Amino acid sequence: MTKPMRQSKFAVFAMVGQTVKELFLPFIFFATQGDHTFSRKLWWLAGFLLVSFIFGVLRWFFFTYDLNAHEITVNQGVFVKRHAHVPFERIQTLTKTQPVLFQPFGVYQVRLETSGKKDDQLTFNALTPAQIDTIARYRQAAQTKVSETLTDTKQPQVRATYHINQQELVRYALTSFGSLGIIGVIFTILSEVSNHLPQHVMMGLDGWLRGGSVMFYATLAAGVILVGMGVAFIKIYNQYYGFTLTRVGQHLAIARGLFTKHTMQLRTTRVQAVQLEQSLLRRALHLQTVSVLLASANQSEKNDTHQNVLMPVVQSGQVAEVIQPFLPTLQIPTLKRAATVPHALRYQMQYAVMWALGMFGLLLIANWLMATYLHFAAGFVLLVGLAGSLVVIWSISGWLCITDQRLAIADDMLAIQITPWFTKRQYYVRRDKIQGVRATQSLFMARHQAQHLQVVVRHGDSATYIKLRYLQADVVAQVNRWLIDVK
C-alpha cells in the first residue's frame, strides 16, 4: 500500500472552474435580486470568486488516492465523504486528455473506465505523467498473466505500430459527412443573427438578396458549403492528427490530437467486437474505418466515439492484413449473402414506403395545424416534392438494407454485415462476447416463414443491436444452435 497521493497542484484551477460552473446559477439568482449598485455587484462577484476558490482548494486537498497491487482507492468530498475501490482487473480503458491550456504545465485529465456501473468510473482533473505511469504499471501488472510475462520476455517489447500519414488523414477528413451538420449550424446561426439585427440593416440585406441573380445565389450557397466543409475538415484533422496505434503484449495504446491530445490504453481481451464502417462516399473510394466496441461504465450516447477508432482509414482489401498484428486472434471470415426469404426485397421496400408515407402524413397534419392557427402553410408543390423525396430516400435505404446483408460463421466467430441508413457496417464478434440473440416474427412474416435476427453486443454501459431482416427461419435456428453449442 502506498501512502495517500494527491493530484497535481494544477488540479486546483480545474476544481475551481468546476465549482464556478456549479455555483454560477445560484450566484446569478442572488446577484439579480433587488436593486444593487454597480459597486455592490462587484462585491457579489468578488465574494463568488473567493468562495469558488476556497471550495476548489478544499476539493483538491480532500481528493486523495491509494494504490496497491490489486486496486485503486479514491477518497474525495469536503462535507460528504466518498470512497471508491476499483480493482485494476476491472479497468477497461485508461484515457488521457490534454487540452491546450494543460500542455504548458505537462498535466493530463485522466479517466479510468470499468465494465461496471457508472459510479465506478474514476476521473482525475490533472495528473502528471509520472503519476499516470504509476497507475498504468499497476494496472498492466494486475491484468498480465504469468504466461504472458514469460512470453513477453522472449519477444520484442513493442509488437506492432500503426501511424497515420498526412495523405491518409487528408482523405479521411475530406470524406467526412460532418460538414452537413456544420452547414446546418451555419444556416441556424445566420437565421438567429438576422433576428437581432436593426430593421434598416435587415431591409438593406433583403434588398441586396432580392436583386441577386441565379449565379449569385449559387455562389452564396457554394460559399456556405465550402465554409462547412472547411470547418469539418479542420475538426477531423485536429482530432486525428498524429494518430498512432501501438500494441505491447495484450495492451493497445492509441494517441491522437493536435490542439487537444488524447491517449487511451485498452486490453485486447476486453474488446467486445470489431466494427468496419463505410459511408457512401468512402464506399465508392474503397475506404473503411476500423473501430472496436468496448464494455465500460461510460454512457454510450455521451461517449466520445472517436476514442474507439483503431484505424481511421484503411483500404478495403487490406483490412485483414493491417489489423492482424494488433488483434492476432481476430478471424475475418468471408462474408456470404444472408439467406432471405423469397421477395424479401419487396417486403422491405413496402415497409420503407409505408414509413415514408407515415412521415408525410405527420407533415400534412403539422402543415394543417400551422395553416389553421398560425396562418402559414407550405405550398402544394413543396409538399409533393417532399413526399417524393421521402419515398425515394426510404426506398433506397430499404434496397441497401436487404441487398447488403451478409452473414458468416467460422469456428467461434460470427460475422455480420448490415447497412442502416446508407452506412455499411461489418461486425466481427466472438461467441463468448455475444450478450444475446433474439428472433422476431410478425403475423405477416409468419405466413412466409421469415424472421428478423437481432444480435446484442455490449457497448459502453449499454448495447449495440445488430439486426438482419427477413431471414429464412432455418438460418436463425442455425445461429441459435451455434451460440449454445459450446464444446
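The legends below describe close-up views of one predicted model.

Figure 1. The chain has 14 helices and 21 strands. Of its 487 residues, 41% are buried.

**Figure 2. A nonpolar patch on the surface.** The patch is formed by Tyr351, Trp355, Met359, Leu362, Ile365, Trp368, Leu369, Met370, Tyr373, Leu374 and Phe376. Together these residues have about 1,200 Å² of accessible area. One of them, leucine 369, is found in helix H11, which covers residues 344–374. Leucine 369 is partly exposed, and its relative accessible area is 38%.

**Figure 3. An open sheet with strands E7 and E8 at its edges.** Seven strands make up this sheet, in the order E7-E6-E5-E11-E10-E9-E8, and their pairing is antiparallel. Strand E7 (122–127) and strand E8 (160–163) are the edge strands, since each pairs on one side only. From one strand to the next, the twist averages 15 degrees. Helix H3 (residues 129–143) packs on the sheet and touches strand E5 (91–98), strand E6 (108–114), E7, strand E10 (251–256) and strand E11 (261–267). The direction of helix H3 makes about 165 degrees with that of E5. At one end of the sheet order, E8 runs antiparallel to strand E9 (residues 244–248), and four bridges join the two. Alanine 160 has arginine 247 in E9 as its bridge partner.

**Figure 4. The hairpin of strands E3 and E4.** Strand E3 (residues 71–76) and strand E4 (residues 82–87) run antiparallel and are joined by six bridges. Valine 74 has alanine 84 in E4 as its bridge partner. Five residues lie between the two strands of the hairpin. In this hairpin, glycine 77 takes a positive phi near 115 degrees.

**Figure 5. An open sheet with strands E14 and E15 at its edges.** This sheet has seven strands in the order E14-E13-E12-E18-E17-E16-E15, with antiparallel pairing. Its edge strands are strand E14 (309–315) and strand E15 (336–337), each of which pairs on one side only. Within the sheet, six bridges join strand E12 (residues 271–278) to strand E13 (residues 287–294). Valine 274 stands opposite valine 292 in E13. Helix H5 (residues 166–174) lies across E13 and E14 and runs at about 95 degrees to E14. Helix H14 (residues 473–484) also packs on the sheet, where it touches strand E16 (406–410) and strand E17 (413–418). The direction of helix H14 makes about 35 degrees with that of E16.

**Figure 6. The surroundings of alanine 473.** Alanine 473 lies in helix H14. Its relative accessible area is 24%, so alanine 473 is partly exposed. Leaving aside neighbours within four places in sequence, alanine 473 is in contact with Gln449 and Gln451. Glutamine 441 is 32 residues from alanine 473 in sequence, and their C-alpha atoms are 9.7 Å apart.

Figure 7. Side chains of opposite charge can pair when their charged atoms come close. A search of the whole structure finds seven salt bridges. In one of them, the side chains of arginine 270 and glutamate 89 meet at 2.8 Å, N to O. Arginine 270 is in the loop between E11 and E12, while glutamate 89 is in the loop between E4 and E5, 181 residues apart. Arginine 270 counts as buried because its relative accessibility is 13%, whereas glutamate 89, at 41%, is partly exposed. Another salt bridge joins arginine 283 and aspartate 404 (2.7 Å, N to O). Arginine 283 lies in helix H9 (residues 280–284) and aspartate 404 in the loop between helix H12 (380–403) and E16, so this pair ties together parts 121 residues apart in sequence. Arginine 283 is partly exposed at 24%, whereas aspartate 404 is buried at 6%.

Figure 8. The side chains of arginine 430 and aspartate 412 meet in a salt bridge (3.2 Å, N to O). Arginine 430 is in strand E18 (residues 424–430), and aspartate 412 is in the loop between E16 and E17, 18 residues apart. Arginine 430 is partly exposed, with 30% relative accessibility, and aspartate 412 is partly exposed, with 21%. Asp412, Arg430 and Asp432 are linked in a network of salt bridges.

Note on methods: Residues numbered from 1 in each chain as written. Predicted model: local features only at pLDDT ≥ 70, side-chain atom pairs only at ≥ 80, totals over all residues. Heavy atoms only, no water. Buried < 20%, exposed > 50% of the residue type's maximum accessible area, 1.4 Å probe, protein only. Patch = residues over 30% accessible without salt bridge, like charges linked within 9 Å, V, L, I, M, F, W, Y side chains within 5 Å. Areas by Shrake-Rupley, 256 points an atom, 1.4 Å probe, with all protein chains shown as cover. Salt bridge = Lys/Arg side-chain N within 4 Å of Asp/Glu carboxyl O. Pairing = 2+ DSSP bridges. Axes fitted to C-alpha atoms, helices over the stretch in contact; angles between N-to-C directions. Contact = heavy atoms within 4.5 Å.
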